[in-house]
Amino acid sequence: MKNLILSIKKHPIAYIVTFIIGLLLGLVPVLTLYFVENRSLHGAYNGAGYAFLGILFFGALMWLANMGTYDIMTYGFSQMFTSMFSKNPNKYNDFVSYKEEKNKKRDFAPKYYVAFLFAAVVYAIVTLVLYLCYTI
């Protein structure tokens with residue numbers, strides 16, 4: 001948590017831009033369903049719900065990638081392409097050295113998934129408000 005707060009203080013513009021991108025990506029299903037369902041409130045809250053789920057899913061995948069879940073796959077692809085197309089020796093001796101180097105970089109890299117998760121929370125609130133307006 002301490003690293004996250006330091007990262008947000010160090011890169012505030014990047015987090016704000018990522019949050020705005022998340023909100024703009026969420027507008028696509030909201031406006032699409034709103035206009036497809038003849039400009040109804042029902043379409044708007046359905047679209048906001050889909051936006052919430054989509055942005056939440058995307059943020060969760062970014063969080064998993066930041067944790068190193070896909071490292072074995074990226075290491076395998078990098079080794080394959082290096083051996084096929086490069087005449088230079090491999091940068092990493094084995095997977096352990098690759099993982100250690102990546103973990104060092106991840107400690108100081110911005111955690112943009114947080115901005116997407118905040119955008120998902122905004123769409124969850126919008127979905128709830130639109131649903132309450134629809135049912136009242």
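What follows is what I looked up, entry by entry.

**Ground rules.** I'm working from a predicted model, where local features need pLDDT of at least 70, side-chain atom pairs count only at pLDDT 80 or more, and totals for chains, interfaces and linings use all residues. Residues are numbered from 1 along each chain as its sequence is written, and side-chain values use heavy atoms, with hydrogens and water left out.

**Entry 1: α3.** I began with the helices, which are DSSP runs of H or I, at least four residues long, numbered from the N terminus. α3 has 27 residues and reaches 39 Å from first C-alpha to last. That is close to the 39 Å expected at 1.5 Å a residue, the expected span being 1.5 Å times one less than the number of residues. Next I listed its buried residues (buried is under 20% relative accessible area, exposed over 50%, partly exposed in between, with a 1.4 Å probe and protein chains only). In α3 they are Gly43, Ala44, Tyr45, Gly47, Ala48, Gly49, Ala51, Ile55 and Gly59. These buried residues pack against α2 and α6, contact meaning heavy atoms within 4.5 Å. Just after α3, I noted Gly68 with a positive phi of about 100°.

**Entry 2: α6.** Helix α6 covers residues 113-135, which makes 23 residues. Its reach from first C-alpha to last is 33 Å, close to the 33 Å expected. I found Tyr113, Val114, Ala115, Phe116, Ala119, Ala120, Tyr123, Thr127 and Leu130 buried here. The cover over them includes α1, α2 and α3.

**Entry 3: salt bridges.** I counted two salt bridges, taking one as a side-chain nitrogen of Lys or Arg within 4 Å of a carboxyl oxygen of Asp or Glu. Asp71 pairs with Lys99, the closest N and O atoms being 3.0 Å apart. This pair links distant parts of the chain, with Asp71 in helix α4 (residues 71-85) and Lys99 in helix α5, 28 residues apart. Asp71 also forms a salt bridge with Arg106, with the closest N and O atoms 2.5 Å apart. Asp71 lies in α4 and Arg106 in α5, so this pair ties together parts 35 residues apart in sequence. Shared partners join Asp71, Lys99 and Arg106 into one network. Buried or exposed? Asp71 is buried, at 3% relative accessibility, and Arg106 is buried too. Lys99 is partly exposed at 24%.

**Entry 4: Ser7 and Lys111.** Ser7 is in helix α1 (residues 2-10) and is buried, with a relative accessible area of 7%. Leaving aside neighbours within four places in sequence, I see Ser7 in contact with Tyr15, Ala109, Pro110 and Lys111. Lys111 is in the loop between α5 (95-108) and α6. Lys111 is buried at 11%, and its contacts, not counting residues up to four places away in sequence, are Leu4, Ser7, Tyr15, Asn66 and Arg106.

Entry 5: Most residues other than glycine have a negative phi. Asn38 is exposed at 68%, and Arg39 is exposed at 57%.

**Entry 6: Ile16.** Last, I looked up Ile16 in helix α2 (residues 12-36). Ile16 is partly exposed, with a relative accessible area of 47%.

Methods
Helix = DSSP H or I, 4+ residues; strand = E, 2+ residues; numbered from the N terminus.
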